[in-house]
Amino acid sequence: MRNLVMAGTVVLVVLGFGDHVWWLAAVALLYLYAQYGRSSSAAARGGTPAGPTPATYQAYRARRDQQAKWERRYRRERPHEARRQERGK
């Protein structure tokens, strides 16, 4: 698929030397491929956009506890920023 999109883009750019509308078509093709082409192929391979999930409940709890520890430390070391973020929510 990527080879087809690249070949189409090259053809549109070459045609664009005569009529600049073809360059806009090449940009639109690349934009559509970046938005929809790569995301659908990643989903077909089974990739998850949210990142890896913990293998066990214990791993989930350890990660959650570590995150809570970091957040408490951040609030303790930067009280003004923490208050400003709380007001923004």
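The legends below describe close-up views of a predicted model. Residues are numbered from 1 along each chain as its sequence is written, and side-chain values use heavy atoms, with hydrogens and water left out. In this predicted model, local features need pLDDT of at least 70 and side-chain atom pairs count only at pLDDT 80 or more, whereas totals for chains, interfaces and linings use all residues.

View 1. Val5, Thr9 and Leu12 of α1 are buried. Seen down the helix axis, the buried residues of α1 fall within an arc of 65°, so they line one face of the helix; the arc is that of the directions from the helix axis to the C-beta atoms. The face turned away from this buried side carries the exposed residues Asn3, Leu4, Val10 and Val14. Buried means under 20% relative accessible area, exposed over 50%, and partly exposed in between (1.4 Å probe, protein chains only).

View 2. Val10, Val13, Val14, Phe17 and Trp23 make a nonpolar surface patch of about 480 Å². Patches are made of residues with over 30% relative accessible area and no salt bridge, with like charges joined within 9 Å and nonpolar side chains (Val, Leu, Ile, Met, Phe, Trp, Tyr) within 5 Å. Accessible areas come from the Shrake-Rupley method with a 1.4 Å probe, and for residues only the protein chains shown count as cover. Phe17 is found in the loop between α1 and α2 (21-45), and Phe17 counts as exposed because its relative accessibility is 63%.

**View 3. The surroundings of Val13.** Val13 belongs to helix α1 and counts as partly exposed, at 33% relative accessibility. Leaving aside residues up to four places away in sequence, Val13 touches Trp23 and Ala26; contact means heavy atoms within 4.5 Å. Val13 and Val27 are 14 residues apart in sequence, and their C-alpha atoms are 9.1 Å apart in space.

**View 4. A salt-bridge network at Glu77.** Arg73, Glu77 and Arg78 are linked in a network of salt bridges, each being a side-chain nitrogen of Lys or Arg within 4 Å of a carboxyl oxygen of Asp or Glu. The closest N and O atoms of Arg73 and Glu77 are 3.0 Å apart, while those of Arg78 and Glu77 are 3.7 Å apart. Arg73 and Glu77 both lie in helix α3 (residues 57-77), 4 residues apart, about one turn of the helix. Partly exposed residues here are Arg73, with a relative accessible area of 45%, Glu77, with 43%, and Arg78, with 36%.

**View 5. The salt bridge of Arg64 and Asp65.** The structure holds 3 salt bridges; one of them joins the side chains of Asp65 and Arg64 (4.0 Å, N to O). Asp65 is partly exposed, with a relative accessible area of 42%, and Arg64 is partly exposed at 39% relative accessibility.

Technical notes
Helices (H or I, at least four residues) and strands (E, at least two) are DSSP runs, numbered from the N terminus.
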